[in-house]
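Hello,

Here is the model I promised to pass on to you. My notes on helix packing and on a pocket follow below it.

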Amino acid sequence: MASAGGFAYFVDLGLTLSASSSFSNQRHQLFGRRLSIYSCLDYKNLNVQSPRLSVAPRKKGTREIRLFRSGGIELNRFLTSDNEDEMSQGFFEAIEELERMAREPADVLVEMNDKLSIRELQLVLVYFSQEGRDSWCALEVFDWLRKENRVDKETMELMVSIMCGWVQKLINGEHDVADVVDLLVDMDCVGLKPGFSMVEKVISLYWEMGEKERAIVFVEKALRRGIPYVDDDDKGHKGGPTGYLAWKMMVDGNFKDAVQLVIYFRESGLKPEIYSYLIAMTAVVKELNEFAKALRKLKGFTKTSLIAELDEQNYELIENYQSALIADGVKLSKWVIQEGDSSLYGVVHERLLAMYICAGRGVEAERQLWEMKVVGKEAGKDLYDIVLAICASQKETDAISRLLTGMEVTSYASKKKTLLWLLRGYVKGGHLNDASETIIKMLDLGLCPDYLDRAAVVHGLRKAINNPGNLETYLKLFKNRFRTSNCTVNQDIWPFARHY
């Protein structure tokens with residue numbers, strides 16, 4: 001057994017040193033060998049057909065090297081003091097031969113195959129992952145192990161850990177985004193398949209550092225290079241770089257930015273994953289919802305005279321903003337339908353329905369209800385009632401008639417709930433005569449409107465009693481003497497009616 005003294009200096013390796021500021025310069029000068037790995041991606045500008053990792057010729061006794069500074073790797077379970085006595089002579093011969101750079105690593109390993117245990121091969125990976133060593137050799141060793149079917153779970157975890165350390169050091173060292181992308185390309189080419197999305201890990205690292213612009217640049221470069229990603233894992237989770245980045249933006253409340261990101265990538269000739277279109281449509285819904293909340297607060301301020309009434313120009317700006325958001329949502333929906341399959345159609349119409357509801361567009365929302373039904377995705381009864389209320393507020397008579405179709409065969413509670421939504425829609429739109437007719441219809445059906453709903457109609461009629469037709473409607477409601485045990489219309493109206 002050979003002495004292990006020369007190897008002991010990296011046994012307690014912490015791998016936490018920072019990256020050299022001259023990394024980028026070194027990389028361009030020393031990493032000429034990267035050309036060979038591009039062959040596995042079949043780039044059009046490279047006339048290389050062989051899928052082998054090492055195809056570029058080199059002179060005997062020379063090898064271009066890459067220096068990665070590793071970081072964040074827990075190696076205690078791979079390196080212990082006992083390992084020193086367990087290492088065979090073949091291990092040290094392999095290290096020496098690989099460092100001489102006289103032959104391809106694969107050729108060296110084939111020759112030494114019978115002399116190296118799986119543990120020693122793991123230590124070879126660790127050795128060449130160190131700062132100052134030829135990190136490219138670690139990738140070639142792993143690629144050889146994979147081709148020889150000698151990568152077990154522990155070896156895969158070790159190499160993933162090494163790669164994560166390299167990625168994290170590049171990001172923490174604020175190196176060019178292209179370096180990170182190149183490393184992920186290398187990872188894919190040597191067949192390294194972690195059980196998670198490395199692309200999402202990179203995005204998260206940039207995001208946590210506050211480097212959001214770099215995260216956007218990274219995703220754009222990743223799409224251009226065609227870096228593979230986990231589109232649908234074994235747990236049914238959808239994924240992809242564009243969708244994940246858009247989701248990150250949504251979590252931060254930047255809904256419109258998420259929408260514009262996806263559209264920008266798509267219109268730049270890239271191909272974001274279909275799931276990202278659905279994420280962006282959700283962002284449109286959330287932005288419209290937040291905008292609607294802001295408008296309600298604004299109108300509340302005008303009622304209390306805290307701010308001046310909105311003029312025509314303000315309303316035009318509001319309409320234009322909503323219309324632009326809806327146009328983006330419709331554009332995204334068309335891309336899903338063009339590039340996706342029929343299983344997504346129901347989700348698309350569901351998102352469009354939510355968009356039109358948030359924007360208060362009743363007729364368009366009603367159409368989406370029927371579109372959902374056509375593709376086999378039935379909307380809930382509550383959504384029908386909400387759309388009915390919006391249509392009532394805008395007095396869309398035809399849409400109201402269609403939405404009320406079939407109400408007669410529903411249960412007592414469901415029928416009452418639907419007519420209450422209709423009543424409230426009329427009240428919100430200021431259509432008090434129609435609201436009064438709805439109350440009378442409910443009473444005729446034995447349904448009692450809630451007190452606040454009845455009072456809102458009566459109060460509205462009283463305020464506008466001098467408007468044409470309102471007095472007749474007011475008295476008609478008063479003269480309706482249908483009573484139930486819990487509902488007496490005259491009690492609501494009498495305090496006002498006695499003035500007339």
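Axes here are lines fitted to C-alpha atoms, for helices over the stretch in contact, with angles running from 0 to 180 degrees between N-to-C directions. Helices are DSSP runs (H or I, at least four residues), numbered from the N terminus.

A word on the source: this is a predicted model, in which local features need pLDDT of at least 70 and side-chain atom pairs count only at pLDDT 80 or more, while totals for chains, interfaces and linings use all residues. Residues are numbered from 1 along each chain as its sequence is written, and side-chain values use heavy atoms, with hydrogens and water left out.

Back to H15 and H16: Ile326, Gly329, Val330, Ser333, Val336 and Ile337 of H15 make the contact with Tyr345, Val348, Leu352, Met355 and Tyr356 of H16 (contact means heavy atoms within 4.5 Å). By class, that contact has nine nonpolar, two polar and no charged residues. Ala, Val, Leu, Ile, Met, Phe, Trp, Tyr, Cys and Pro count as nonpolar, Asp, Glu, Lys and Arg as charged, and the others, Gly among them, as polar.

Next, helix H7 (residues 135-147) and helix H8 (residues 153-172) have axes that come within 12 Å and cross at roughly 155°. H7 and H8 are therefore roughly antiparallel to each other. On the H7 side the contact involves Ser135, Ala138, Leu139, Phe142 and Leu145, and on the H8 side Thr155, Met156, Met159, Met163 and Trp166. These residues divide into eight nonpolar, two polar and no charged.

Now the largest pocket, with a volume of about 870 Å³. A pocket is an open set of points on a 1 Å grid over the protein atoms alone, where a 1.4 Å probe fits, with protein on both sides within 12 Å along at least five of seven lines; lining residues have an atom within 4 Å of a point. The volume is the space filled by probe spheres set on the points, which are joined across faces, edges and corners.

Which residues lie nearest its centre? Of the 27 lining residues, they are Arg296, Lys299, Ala359, Gly360 and Lys428. H14 gives the most to the lining, with eight residues.

Best wishes

Technical notes
Helix = DSSP H or I, 4+ residues; strand = E, 2+ residues; numbered from the N terminus. Parallel < 35°, antiparallel > 145°, perpendicular 65-115°, else oblique.
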